[in-house]
Structures are given as C-alpha cells and as structure tokens.
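I opened this notebook to record what I looked up in a single structure.

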Amino acid sequence: MVTISKFSYENPRYSNLLSRRSSIPEELEITVKGVIKNVKEKGDEALYSYMKQFDGVDINKIGLFVSEQEFQDAKEKVSDEFKQAVKLACDNLFRFHKRQLSTGFTEEYENGAILERKYIPLNSVAVTVPGNMAPLISTLCMNLIPAIVAGVPNIYILTKPRLDGSIDEHLLYVADYLNVKNYYKLSGSQGLAAVAYGTESVKKVDAITGPGNNYTQIAKKLLFGEVKIDSIAGPSEIAIIADPKANPTFIAADMMSQAEHGTGFEASTTFCLSKEQAEQIKTEITRLCKENNLIDATKKSFENYGDIFIVDSIDESIDAVNEIAPEHVELLLDNCEDILPKLTNAGAIFVGAYSSEPVGDYFCGTNHILPTCGTARFSSGMSVQEFMRGYSVIKYPENALKANAAHIIQLAEAEGMMAHALAVKVRQ
C-alpha cells in the first residue's frame, strides 16, 4: 500500500507528490458552465429542474428550506453525548476565533490629517456543506463560527438533501445550536449559482465558502468575481516529520486519517531517518487497516500518494516539507520547539506526539479549512477575516492638502494623469 523510498528531490514519488492535483475532466467544466448560465437566466425553473436531474429530489414537494419542525426533530434524535461534544468544540472555536477580530486603527499626523482603517462584516454569506454520504459536521462549525464572530447578519447553509428530502440530524442540530436557521435544501453547481445570482426564491449573497465535490469546486472557480470565494479546495494531505523515538503506531494512524477520505488524491507522507523505522510504520499501517476494516477506504490514496521517505537529517525533511507546503504538518520530535521556526510553509502545524491532526479537525479551536496542494506557500486557512472587509477613511484638512499639493501634482503628472493633478491644483 505505502511506498518506502530514499528521499531525493529527483525521486519520482516526491515529484509525483509535488504535482498532485485532483483530476477534473474538461467536459465537467463545460457542464457546470451550462448549469450556471441556465440558473442565472431562468432562476427557480432551472434550479429546481437541476435538483431533480442531479439529486433526484423535487423541491416543490420537499420544500426549499429546512422547517422549524425538522430542527426540533433533530434535537430529539441526536444523543446527549453528541450535544456535549458540539458545545465544547464550539466553545473552543469561539474562544480562538474571537481573538482574530480586527479592530482597526486611527493615525493622526502633525498637519491635522487623520487616516483610519475600519473593518465591517460582509452582509451575507452562503456556506455549502456536504451531508448526504458524509455529513461534515465539523466543517459546518468551521465555516459558521468565524462568520458569526465577524458579525455577518445573513448566513445561509446549503446541503444536498436525501431522496426523502431530509438532512442529517447532526448537521441540523449544529445549525440550530448556532442559531443559523436559513438552511437551503440545495447543492452542487446549481445551488451555488442560485446564491451567487439570486433567484425568485433564493437570496443573492456576497460570499460563498465551504467544501464540496468537483462540481462545487468548478462552480466556485467560475463564480469568483460575482461573489467572494474562500478557496478552491483540493484533496487533503499530511506530512509527518519523525525522529527515531516517534511512536510508529501514532504515525500510522495519522497517515490513515487523511487517506480515508478515499478519493485517491489524498497524500499521506512521513519523513524518518532509517529504513527500519520506515518498515515499522508500514507494518503498523497494514495492521491497523486490517484490524479496523479500513483497507478499502485507504488503499487507493496510499497507492497513489502514500509515502515514507528516508532522509539523512531532520533538516533535510524540513526543506522537503517546505517545498510541499502541505495542509497539515506533524512534528513527532524531541526538539519540536527548535524545529518549529524553520517550518514556513504549512496550513497548520501539530506539535508533539499527542497533537494528532484530528484534534484540529474537530475540537481544539483552530480552523481546519486550510490551503492544500502547495497553496500554503501563499495563502492562509479560514479565519474571521474571511467574512469581513476593510476600508480606509481619509480626513485631509486644507492646510494638509496645500502643504503636500506640489508632491501630489508631481506624482500625478508623472503618470500622465492630468485630471488627477487638476483636482489638487484647483484647491490650492
């Protein structure tokens, strides 16, 4: 399943990892373009038709929105243990994300000029969350809580309904717990087109966030500019740097945690210092997969992008990981604090043997919506800022303008912008 090899930058397995992307057929993008165009032009008629064609549900029969009764039923269906877990996880998320709020500032100058930077929440956002095959409860929390902290007044959720029109009770419970009741029974490119442009029944929003299948990701790409898009999410990935004392069972389980997403494009990578250690990790992967019935869930991803690289030093592994710029990095080392500053390209870094990646996925309070496929070189994960926008306020009194008019005119005329210069000249 997993490949063991000596690390080098020329190693084909490493090159394969660097070039990894989801494979999206060109014809799929053509289909999505057509869907978006039809929903934009025909509104509900096209939207409802596509929901029946793609998802097998009749919106006219099941209703567009989740009802209050469905929210109430969900409260009764989920366990008390689940409710407690949701509360604690959300408490942690609120605590961490409230620290991210931008307060703005004011800068005053000697000539009387006052410059301000202000931040306000977006007016509306749509969060798309899969819920049919795998109800991504944690992802719903990770999208909703930063938006709530930012102060977004209008938050909508989109989830694919089951054939009977229902939505997973755990998702409904979380939405109700966070008091987000605008819950559409919509999905796919047709759902995103509807919230991007608005229809007779669906409100137009300012931003779209959240994961989804290839149809959803292409729709987000094509709708960028019409609305704000958080990111085009790629397949999940983890890179582990381990010294000889690291527990091979811990490493194996953490590699499996990413591979089990099951598309075949997930990457699980470990860098260690000896072939003996690599073999121990591989043996543990085999054992744990068999014992926990996870062979089928992980096999494809492990075959394509499951690697244990043997390196000559920890520094070599750090350089290799920075080149990958992965979504998740785990440090299973004695001297994690010495290594941490050297890791510059990662979505999130998990430090120490017990900081397992699922801690961040579900509970500790950091956000698990992170850059993938090398984009951690230049982008950040989900935060409160995703749901806010900043703007400047300029208060320039007469004496300040006259004192600096010649400089402004010089710069404007150097660009050939004579009207710009004139706008200052007439005020002298």
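The entries below begin with the aromatic rings and then turn to a strand.

Entry 1, aromatic pairs. I noted at the outset that the model is predicted. I searched the whole structure for aromatic pairs, and the search returned 13. I then examined Y14 and F309: their ring centres are 6.0 Å apart and their planes stand at 80°, so I recorded the pair as edge-to-face. Y14 is buried, at a relative accessible area of 0%. F309 is likewise buried, at 0%. I also found that Y14 and F309 belong to one aromatic cluster together with F7, Y9 and F271.

I found the charged end of R20 over the ring of Y305, at 5.9 Å from the ring centre. K181 lies over the face of F71, 5.2 Å from the centre of that ring.

Is β9 buried or exposed? Six of the six residues in β9 (residues 237-242) are buried, so I regard the strand as largely enclosed by the rest of the structure. In a regular strand, side chains alternate between the two faces of the sheet. I therefore checked each face: E237, A239 and I241 are buried on one side, and I238, I240 and A242 on the other.

I recorded five bridges from β9 to strand β10 (residues 267-272), with the two running parallel. Here I238 has S268 as its bridge partner. With helix α11 (residues 248-259), β9 and β10 make a right-handed β-α-β unit. Five bridges also join β9 to strand β12 (residues 328-332), again parallel, and I241 is partnered there by L331.

Key
Residues are numbered from 1 along each chain as its sequence is written. This is a predicted model: local features need pLDDT of at least 70, side-chain atom pairs count only at pLDDT 80 or more; totals for chains, interfaces and linings use all residues. Side-chain values use heavy atoms; hydrogens and water are left out. Rings of Phe, Tyr and Trp (its six-membered ring) pair if their centres lie within 6.5 Å; planes under 30 degrees apart count as stacked, over 60 as edge-to-face and the rest as tilted. Buried means under 20% relative accessible area, exposed over 50%, partly exposed in between (1.4 Å probe, protein chains only). A charge sits over a ring if NZ of Lys or CZ of Arg is within 6 Å of the ring centre and within 35 degrees of the ring normal. Helices (H or I, at least four residues) and strands (E, at least two) are DSSP runs, numbered from the N terminus. Two strands pair if DSSP finds at least two bridges between them. A crossover is right-handed if, with the strands pointing away from the viewer, the path from the first strand over the helix to the second runs clockwise.
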